[in-house]
Amino acid sequence: MYCPRCNSLLEEKTINDLSGSIQIDSCPSCGGTWFDKGELQQIENLVELSIIEIRNIPTKKQQLEKLKCPSCNLHPTLSKHQHQRDKKVVFDYCDVCHGIWLDKGELEAIQKDNLLKTIGTLFKKMI
Ligand SMILES: [Zn+2]
Ligand SMILES: [Zn+2]
């Protein structure tokens, strides 16, 4: 599978979690990540301290650039969606295979938000 943004060959990566492991495809060149159907929902539940990073979301112009699905043979154009928890995060969604492309920084932004929420919940319980 090739990167829809820069055409580099995507590398398979495994992310381990208590509930199992998730296989994702990530671009060594631009740092984007491809999720097959359902994988993003799984990964959003992962909480790791290492994910606290400075936001590095691409510019609006980059985000709104049309990309082609790396997974489907006919390469349909991915549609743009705003993440429901973070309106600054725009992800590319394939209506055919239901895969999701996230640019570098977007996954971190989603995970960080999740982590902060988790800490917030713990805080409330303590008081
Ligand atoms: Zn790339
Ligand atoms: Zn597709």
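Along the chain, the donors of the zinc ion (ligand 2) follow the spacing C-x2-C-x21-C-x2-C. The four residues are C69, C72, C94 and C97, each coordinating through SG at 2.2 to 2.4 Å. Donors here are N, O and S atoms within 2.8 Å of the metal (3.2 Å for Na, K and Ca), and sites may look incomplete because water is not among the atoms. The site of the zinc ion (ligand 2) is tetrahedral, with angles of 102 to 116° among its four donor atoms. Four donors count as tetrahedral if all angles lie between 85 and 135 degrees. For four tetrahedral donors the ideal angle at a metal is 109.5 degrees.

This is a predicted model, in which local features need pLDDT of at least 70, side-chain atom pairs count only at pLDDT 80 or more, and totals for chains, interfaces and linings use all residues. Residues are numbered from 1 along each chain as its sequence is written, chains are lettered from A and ligands numbered from 1 in the order in which they are written, and side-chain values use heavy atoms, with hydrogens and water left out.

C69 lies in the loop between α2 (60-63) and β4 (79-82), and C94 in the loop between β5 (90-93) and β6 (100-102), so the pair ties together parts that are 25 residues apart in sequence. Helices (H or I, at least four residues) and strands (E, at least two) are DSSP runs, numbered from the N terminus. C69 is buried, at a relative accessible area of 1%, and C94 is buried with 1% relative accessibility. Buried means under 20% relative accessible area, exposed over 50%, and partly exposed in between (1.4 Å probe, protein chains only).

The zinc ion (ligand 1) has C3, C6, C27 and C30 as its protein donors, with the SG atoms lying 2.2 to 2.3 Å from it. The spacing of these donor residues in sequence is C-x2-C-x20-C-x2-C. Angles of 104 to 122° among the four donor atoms make the site of the zinc ion (ligand 1) tetrahedral. C27 is buried, with a relative accessible area of 3%, and C30 is partly exposed, at 24%.

C30 is found in the loop between β2 (20-26) and β3 (33-35). Leaving aside residues up to four places away in sequence, C30 touches C3, R5, C6, W101 and K104; contact means heavy atoms within 4.5 Å. The C-alpha atoms of C30 and D103 are separated by 7.8 Å, although the two residues are 73 residues apart along the chain.

R5, one of the residues that C30 touches, also takes part in salt bridges with E65 and D103. A salt bridge is a side-chain nitrogen of Lys or Arg within 4 Å of a carboxyl oxygen of Asp or Glu. The structure holds three of them. Between R5 and E65 the N to O distance is 3.8 Å. This pair links distant parts of the chain, with R5 in the segment before β1 (11-17) and E65 in the loop between α2 and β4, 60 residues apart. R5 is buried, with a relative accessible area of 19%, whereas E65 is partly exposed, at 40%.

The side chains of D103 and R5 meet at 2.7 Å, N to O. D103 sits in the loop between β6 and α3 (106-126) and R5 in the segment before β1, so that this pair links parts of the chain 98 residues apart. Both D103 and R5 are buried.

The salt bridge between D92 and K80 has its closest N and O atoms 2.5 Å apart. D92 belongs to strand β5 and K80 to strand β4, and the two are twelve residues apart. D92 is buried at 0% relative accessibility, while K80 is partly exposed, with a relative accessible area of 24%. Through shared partners, salt bridges join R5, E65 and D103 into one network.

The protein chain as a whole has three helices and six strands, running β-β-β-α-α-β-β-β-α from the N terminus on. Of its 127 residues, 38% are buried. Among contacts with a separation of 6 or more, 52% are between residues 24 or more positions apart. The chain exposes about 8,000 Å², of which carbon and sulfur atoms supply 55%; accessible areas come from the Shrake-Rupley method with a 1.4 Å probe, and for residues only the protein chains shown count as cover.

Conventions
Tetrahedral: all angles 85-135°; square planar, octahedral: opposite > 155°, others 65-115°.
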